[in-house]
Amino acid sequence: MSKIYNRIESSNMYYEIKLAGKYIKLLTSEIMYFESDKRKVNIYMNNGIKHTYYDTLDNIESKFSTYKVQFWRVHQSFMLNPRYIIRKTHECIYLMNDVRIPISKQRQKEISKKYIEQVEGYMRNGNNN
């Protein structure tokens, strides 16, 4: 029951960013991935919209670790929402919309373990998402 609650809770959480002097809230369940580009972060949404603002992935990762939101840091420059994974190879993850995200050598073992746990969880629970 607590797993169901955590999943529902995380699907209704928002991530707030500041764009052009205004704060906007993004539903975390609609964020596909974050990409770091120098001092800026690009947020790619499931509807194709991209938001760019100043931040670091380390800061975002730290914020998410305090919430019940699951994002995987797969590379120095990428953090993704595992609900959008279509398939995984040893060196990269494929997301919906033909997005290919590299996995750093240092994180390959950790990401493989998380991926296997996720697939096993889906099989146990009969979930498709």
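In this predicted model, residues 24 or more positions apart account for 38% of the contacts in the protein with a separation of 6 or more. The protein has 3 helices and 10 strands, and buried residues make up 38% of its 129 residues. Here's a quick tour, from the overall layout down to a few single residues.

**Layout and confidence**

- The protein exposes about 8500 Å² of surface, and carbon and sulfur atoms supply 49% of it.
- The mean pLDDT comes out at 86, with 84% of the residues reaching 70 or more.
- Go carefully with residues 1-9: pLDDT stays under 50 there, and the model has 5 contacts beyond four places in sequence for this stretch.

**The nonpolar cores**

- In soluble globular proteins, nonpolar side chains tend to be buried together.
- The largest nonpolar core here has 16 residues, and the ones touching the most other members are Tyr-15, Ile-31, Phe-34, Ile-43, Ile-60 and Phe-64.
- Which elements give two or more residues to this core? They are strand E1 (14-19), strand E3 (31-37), strand E4 (40-45) and helix H2 (57-66).
- Another core of 15 residues lies apart from that one, and its members include Met-32, Tyr-44, Phe-78 and Ile-101.
- Take a look at Ile-60: once you leave aside its neighbours within four places in sequence, Ile-60 is in contact with Tyr-15, Phe-34, Val-41, Tyr-53, Asp-55 and Met-79.

**Aromatic rings**

- A pair of aromatic rings is described by the distance of the centres and the angle of the planes.
- Searching the whole structure turns up 7 aromatic pairs.
- In one of them, the rings of Phe-34 and Phe-64 have centres 5.8 Å apart and planes at 65 degrees; planes over 60 degrees apart count as edge-to-face, so that's what this pair is.
- Phe-34 belongs to strand E3 and Phe-64 to helix H2, so the pair ties together parts that are 30 residues apart in sequence.
- Phe-71 is buried, as is Phe-64.

**A hairpin to find**

- Strand E6 (residues 72-75) and strand E7 (residues 78-80) run antiparallel and are joined by 3 bridges.
- The hairpin gets from E6 to E7 through 2 residues.
- Across from Phe-78 in E7 you'll find His-75.

**Two loop residues with a positive phi**

- Ala-20 isn't a glycine, yet its phi is positive, at about 50 degrees.
- You'll spot Ala-20 in the loop between E1 and strand E2 (22-27).
- Exposed means over 50% relative accessible area, and Ala-20 counts as exposed because its relative accessibility is 82%.
- Lys-38 isn't a glycine either, and its phi is positive too, at about 60 degrees.
- Where does Lys-38 sit? It sits in the loop between E3 and E4.
- Lys-38 has 78% relative accessibility, so it counts as exposed.

- Arg-39 is in the loop between E3 and E4, and at 65% relative accessibility it counts as exposed.
- Arg-39 and Thr-56 are 17 residues apart in sequence, with their C-alpha atoms 6.6 Å apart in space.
- Not counting residues up to four places away in sequence, Arg-39 touches Tyr-53, Tyr-54 and Asp-55.
- Lys-63 lies in helix H2 and is partly exposed, with a relative accessible area of 30%.
- Which residues does Lys-63 contact, leaving aside its neighbours within four places in sequence? They are Tyr-15 and Asp-55.
- Lys-63 and Tyr-15 are 48 residues apart along the chain, and their C-alpha atoms are separated by 9.4 Å.

How values were computed
Residues are numbered from 1 along each chain as its sequence is written. This is a predicted model: local features need pLDDT of at least 70, side-chain atom pairs count only at pLDDT 80 or more; totals for chains, interfaces and linings use all residues. Side-chain values use heavy atoms; hydrogens and water are left out. A nonpolar core is a set of buried Ala, Val, Leu, Ile, Met, Phe, Trp, Tyr and Cys residues joined through side-chain atoms within 4.5 Å. Buried means under 20% relative accessible area, exposed over 50%, partly exposed in between (1.4 Å probe, protein chains only). Helices (H or I, at least four residues) and strands (E, at least two) are DSSP runs, numbered from the N terminus. Contact means heavy atoms within 4.5 Å. Two strands pair if DSSP finds at least two bridges between them. Accessible areas come from the Shrake-Rupley method with a 1.4 Å probe; for residues, only the protein chains shown count as cover. pLDDT is the predictor's confidence in each residue, from 0 to 100. Rings of Phe, Tyr and Trp (its six-membered ring) pair if their centres lie within 6.5 Å; planes under 30 degrees apart count as stacked, over 60 as edge-to-face and the rest as tilted.
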